[in-house]
Each structure stands twice: as structure tokens, then as C-alpha cells.
Amino acid sequence: MEEKLNILRRFFRNKYSRNDYFELKRLILSEDSEIELLMQTHWNEFNLHEGETMKDLSDILFNLNLKIDEKSKIPVLRKIFITYSRVAAILVIPLMLALGILYWQYNQFLQQKNVFVDIVSPIGSRTSLNLPDGTMVWLNGDSHIHYPAAFGNNREVSIEGEAFFKVKSDKKHPFLVRAKDILVRATGTEFNVSAPNNKPETSVILKEGHVAVLNDKQIILKEMEAGYQLRHLEQSSTITYAEINAVNYTDWTKGRLIFNHATMAEVVERMERWYGVDIEVVDKELLQLHFKATFTSESIDEALKLLRSTATFSFKFAPKGLLKDGSFEKSKIYITKK
């Protein structure tokens, strides 16, 4: 046993003889488990500080490829790989358990210290992220999300602006989105929430599954069905609920801005967020116009020209002002009758 183990040691130090090579080859090709026991013993005593390096191991594998004849080299290498994989697995399992414990302890620390994360999506951009529970979020331009660095029993986030959620399913721990003075509660579904600061309205669009919309006292206002939109007005606390094509309002996550019989008021609101501009409709009767269009890579100027080809209106850009910090203010666009 010891002499055979010495052969294995010499082989891995690249200091083996011709007889060592043939003896090792015989052991590897044999049907008994002796070579596995030898490799197990060698693995346990293997120490990188005694002169063995990863380079040595690479050299050995290279020599094996060169010196073992073509007929036998594939099963030989496979046997080496399988044997050492078994041994490695024995060492990896405790390591994975230790990492799992450390991860749990780290999450406990974050929860106890009330550590929170804030993500801001700049004007005119779209940002995607994964929450600690695996929930996927897309933030539209000029939007912000606030959430704990580690979720415990409570999965709650708050947003300003617009966000689309693909919630990780967990029926025991509902997922809550706080937007202004309403809460959206889900256990695993896809929905869009729009709560711009400069608008007195919050909108929830359910793409798939089921959600409940609650007020700030956590009283249910509405149990929503897929394909519906709920609008909540802050001042009057009234809601409207209507069936829509959810794709038209949620495909911004895929880089598409879709209008299907949308009013000018809706077009302006969504284009402001999409392009990061301010749009003012001077002649209010234009707000009743309706549009059907899809935009992907068009600039704001190109998009407005395309819309203008289907309705009678005019638009112009105002000169950009310089802010105190040296940057320029957002583009301002005025829409008027011709």
C-alpha cells in the first residue's frame, strides 16, 4: 500500500520512473477500488505548501494526455476525474454548509441593523434589478425604489415613479409595494405600478395572476384580475377600475412604448417619463386627441413628428436653461394647435 502510494506521490511531483508509469497505469485500468483508496489518501495529505502547485497538476494531466495510448486514455482520464470528483465532493459539502451559515448570519445582521437600499433610475433611462428574495424589478426613468437589504418575514418595498414587478412566489410571506398612500399586495405575479410625484394619481396594472390593492390603513380597496387597471386619486380617495391590454402599458420593460387609442394626456405623461422631458399642452382641447403608435429607438423629435402625421397639432422645443450646478435643465416642449 505504502509503495503504491509513493508511486502516486512521485507521479504528481513529475518525478516518476518508467516502471512507476506502467504500475500506475495498471492500477488505474484495474477493476478493483484500490486506486480510489490511494487517491483518497493522497488527496487528504495533499498540501500546496509542500511544493505541489496547480501548475504541477496541469503538467501531470498534460503528460497523461501525451503518454497514455489512444485506446485507453479516455477511460483512464474519466476514471481519474470521477475518483477525484468524489473526493472533492466530500470536502465541498462542509464548505457549502459553512457558506450557507455565514449567508444566514449576514442576513440576520442586515435585518437587525435595519439596512436599506435605495436605487434611482435616471431621467430617460430604464434600470433592472433583483431584490433579496429573487423578485425582479424594472424601474422606468426618473423612478426610485427603497427596500431592506435583507428580507425577513416582511417583504415590503416603496417606490416613486414607475416600476414593473415580477414577484418571486411565496404564499406565506406576501410581497408589498407601497406607492404614495396605497399598498399593492401579491404572493407571486407580474404587475406595474405608476406613482409619479407630480401627478395626484397612482395606477396599478395587473399583467398576470392576482393582487390586492389596499389603502394606508391596510383595508382592501380592490381585488384585481389580470388584464385590468386600477387608478387611485389621492385627494378624493376614489378609484376607477377598467379592463385594458396590459402589454400596451408594460412592454416599456422590453424597450417598446406602445399607444393604442391613447389620449393626448396619456401620451404626454408616458413620453415625459420615457424621454426625460417636460411637455406642456398649451391648447387643452388637444388633450382629447387619440393616437395609435409604437416607438422603440425613435428620438423625441421623431416620435412627435410621427404622431403629428396622424393628428393636427404643432410642437416646439424651448431653449434649455442653465442650472446652478452647471448642468442644463430638462428639455421643455410646447404642443399647440396649428
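The model is predicted: local features need pLDDT of at least 70, side-chain atom pairs count only at pLDDT 80 or more, and totals for chains, interfaces and linings use all residues. Residues are numbered from 1 along each chain as its sequence is written, and side-chain values use heavy atoms, with hydrogens and water left out.

**Overall make-up**

- The protein has eight helices and 18 strands. Helices (H or I, at least four residues) and strands (E, at least two) are DSSP runs, numbered from the N terminus.
- Of the 338 residues in the protein, 38% are buried. Buried means under 20% relative accessible area, exposed over 50%, and partly exposed in between (1.4 Å probe, protein chains only).
- Take the contacts between residues at least 6 apart in sequence: 47% of them join residues at least 24 apart. Contact means heavy atoms within 4.5 Å.

**Helices α7 and α8**

- Two packed helices are described by the angle between their axes and the distance between the axes.
- Helix α7 (residues 264-275) packs on helix α8 (residues 300-308) at an angle of about 160 degrees, and the axes are 11 Å apart. This makes α7 roughly antiparallel to α8.
- Axes are lines fitted to C-alpha atoms, for helices over the stretch in contact; angles run from 0 to 180 degrees between N-to-C directions. Angles under 35 degrees count as roughly parallel, over 145 as roughly antiparallel, 65 to 115 as roughly perpendicular and the rest as oblique.
- The crossing of α7 past α8 is right-handed. Right-handed means that the near helix is turned clockwise from the far one by less than a right angle, and left-handed anticlockwise.
- V267, M271 and Y275 of α7 meet I300, A303, L304 and L307 of α8.
- By class, this contact of α7 with α8 has seven nonpolar residues, no polar and no charged ones. Ala, Val, Leu, Ile, Met, Phe, Trp, Tyr, Cys and Pro count as nonpolar, Asp, Glu, Lys and Arg as charged, and the others, Gly among them, as polar.
- In α8, the buried residues are I300, A303, L304 and L307. They fall within an arc of 95 degrees seen down the axis of α8, so they line one face of the helix. The arc is that of the directions from the helix axis to the C-beta atoms.
- An α-helix has 3.6 residues a turn, so residues three or four places apart point the same way.
- The cover over the buried residues of α8 includes α7, β16 (290-295), β17 (314-318) and β18 (332-336).

**Positive phi in loops**

- Most residues other than glycine have a negative phi.
- D142 is not a glycine, yet has a positive phi of about 55 degrees. D142 sits in the loop between β3 (136-139) and β4 (143-148). Its relative accessible area is 47%, so D142 is partly exposed.
- Q218, also a residue other than glycine, has a positive phi near 60 degrees. The loop between β10 (210-215) and β11 (220-225) holds Q218. Q218 is partly exposed at 48% relative accessibility.

**Residues and their contacts**

The contacts below leave out residues up to four places away in sequence.

- I159 belongs to strand β5 (residues 155-166). I159 is buried at 5% relative accessibility. I159 touches H144, I145, F165, V177, R178, A179 and V193. R178 is 19 residues away along the chain, with 6.4 Å between the C-alpha atoms.
- A186 is in strand β7 (residues 182-186). At 2% relative accessibility, A186 is buried. Its contacts are R155, P174, F175, F191, H210 and V211.
- T189 lies in the loop between β7 and β8. T189 is buried, at a relative accessible area of 6%. T189 touches F165, K166, V167, L206, E208, G209, H210 and V211.
- S194 is part of strand β8 (residues 190-195). S194 is buried, with 10% relative accessible area. S194 contacts G161, E162, E201, T202, S203 and E269.
- K207 is in strand β9 (residues 201-208). K207 is partly exposed at 24% relative accessibility. Its contacts include F164, E190, A226 and A246. K207 and A246 are 39 residues apart in sequence and 5.5 Å apart in space, C-alpha to C-alpha.
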